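Biologist: I would like a close look at one part of this model, with the terms spelled out as you go.

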Amino acid sequence: MNSGIPIQYFLILATLMFFTGVYGFLTRRNLITILMSVELILNSVNINFLAFNRYLYPHKLEGMFFSLFIIAVAAAEAAVAIAIIINIYRRFATINVEEVNEMKY
Amino acid sequence: MSLGTFLIMRHELLLIAAALIVLIAEIFWNPDKKSSISLFSIILFGVITIIGFLPSPAGPLFGGMYVSSGTRLLMKNILNIGALIVFIQSVTWLKKEENSEKISEYFLLLISTLVGMNFMISAGHFLIFYIGIELAIIPIAALAAYDRYKNKSAEAGIKLILTSALSSGVMLYGLSMIYGTTGTMYFSEVASLFGNTSLQILGFIFFFAGMAFKISIVPFHLWTADVYEGSPVNITSYLSVISKGAAIFILMIILFKVFPIIMGTWQKTIFVTSVLTMTIGNLFAIRQQNLKRFLAFSSISQAGYILLGLIGGNQLGMASVMYYILVYIFSNLGAFGVVTAISNATGKENIDDYNGLYQTNPKLSLIMTLALFSLAGIPPVAGFFGKFFLFTAAAQQGFYLLVLIAVLNTIVSLFYYLLVVKAMFISKNENPIGSFRSDFSARFAFGICVAGIVVTGFASVIFEAIKNLSFGV
């Protein structure tokens, strides 16, 4: 049915992307890069949904629609996050998280 | 779409209409009387709250994607009451000079989050659930950064939006695994196709971790204190009561409805997280000096108690969770109301500043004491009955060890709640906070909170009504 590539490869790619995203979220110090790591996580989820839909349940389109909505919501989220990052840049004159640390216990 | 459709979706449609009306009204409003928009919005929202209580048809819509039932309507009404109190409390703060330009944004964003929460609670499909949860959290992040000229506010906003984005990602990753193994995202179909395989359990754990971020369950609580401290006080109270309550409601619905097959697994998960949440929330609350951080950790430990109601998976547990959230709304908003009033009048937010408050502001001190007693669970106020039912629900299913740990934690929590009471009544202070008189709106909100704390405790009718409604979701 499908041309060559088995589903495992997609799932391995998605898993790698997911954990790269989590690693980047935790280690990066630039707010924009942290936001990019989150996008990586969401895109790995999209790959998962699409691969499952295409290979296992090709007669229904639920996974496709889910990933469309994830893309749209991720865009909204990024818009608000970038607006707040701009505000942070105005307040702190930096977007390095090490210096945005007024509150700590 | 017939008229019946509109009646079933009444809560959401009315809230969307209210959000649009507030937005449009601002354009045509007299610029010299901007502050009266808040009165207009509150009256509008109050009418919606009352309409929400009218009897309504129930049933599924859109092929089962949207489900309405008596329980879910009750949850929405509870959230509406809480949001109404938050709105009334925020009038004084919105009157300030720096906020006069963005009053309608405040109401627009808060009403949007309520729309998201209502859709989330009514979800019958994970897609609606996901859209609802995002709609409920993204406007809140914008509101946390509402004070544009305060560094802490911007910091709170970015911390909230990034953690919520990460938690959504983790949750969706789990959902994709569940989709891969069952081939559907409808709650009812997932429940019937769930087969207890290891991939499904891994998916569930990812999903639970994502939800735990939203409810701020230990070990996913680290954003809570910072966001609560940095946000404006009214947003903090909204986050700690309404957002948390909605997330707990939907977690309860999904655990009971979608994952009943792996009940043994999620009971273990909840057992561990509940013990951790109660203990760590309490221990960290003891060493806080800022009252907002203090209430943040107290709300973390409250979430730990609420998990006790979920663990049994029985009807009493469900009723007690809803009852406890209702009580928690009144008591936490009472405490936050006092913090808001004092923060508005003097800008002080530390526990030391409250030394000798009883000498200057006896009424505020008494309200704070009543609210803290309710949070700690001292009889005869409502919090005691709430905790009592939660513990009974867990004990009914044989979780005696967990109940014992919870009771011990209640004693620890009593200690730190009483620290604040001691500061207000006993500690001496050379120059305490001056005596001041709150606005009518603040006093009205205090009235609702105090009446709620007392009446929900004594009127057993309320618990009986909730219990009768809470059969199945």
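Read along the sequence, what pattern does chain A follow?

Modeller: Chain A follows the pattern α-α-α. It has three helices and zero strands, where helices (H or I, at least four residues) and strands (E, at least two) are DSSP runs, numbered from the N terminus. The model is predicted, so local features need pLDDT of at least 70 and side-chain atom pairs count only at pLDDT 80 or more, while totals for chains, interfaces and linings use all residues. Residues are numbered from 1 along each chain as its sequence is written, and chains are lettered from A and ligands numbered from 1 in the order in which they are written.

On overall shape, the C-alpha trace of chain A spans about 55 × 25 × 25 Å along its principal axes. Its radius of gyration is 18 Å, whereas a compact globule of 105 residues would have one near 13 Å; the radius is taken over C-alpha atoms, and the globule rule is 2.2 Å times the number of residues to the power 0.38. Of the 105 residues of chain A, 31% count as buried (20 or more other C-beta atoms within 10 Å of the residue's own, with C-beta atoms placed from the backbone). Taking contacts in chain A between residues at least 6 apart in sequence, 49% join residues at least 24 apart; two residues are in contact if their C-beta atoms, placed from the backbone, lie within 7 Å.

Chain A also touches chain B. That contact takes 34 residues from chain A and 32 residues from chain B. On the chain A side, the elements giving two or more residues are α1 (7–27), α2 (31–56) and α3 (62–92). The largest share, 17 residues, comes from α3(A). By class, the side of chain A that touches chain B has 27 nonpolar, three polar and four charged residues. Here Ala, Val, Leu, Ile, Met, Phe, Trp, Tyr, Cys and Pro count as nonpolar, Asp, Glu, Lys and Arg as charged, and the others, Gly among them, as polar.

Within the partner chain, one residue can be described in the terms already given. S164(B) lies in helix α8 (residues 151–182) of chain B. S164(B) counts as buried because 25 other C-beta atoms lie within 10 Å. Leaving aside its neighbours within four places in sequence, S164(B) is in contact with I137(B) and A141(B). Further along the chain, F213(B) is 49 residues away from S164(B), and their C-alpha atoms are separated by 7.3 Å.

Definitions and conventions: Buried ≥ 20, exposed ≤ 12 C-beta atoms within 10 Å, placed from the backbone.
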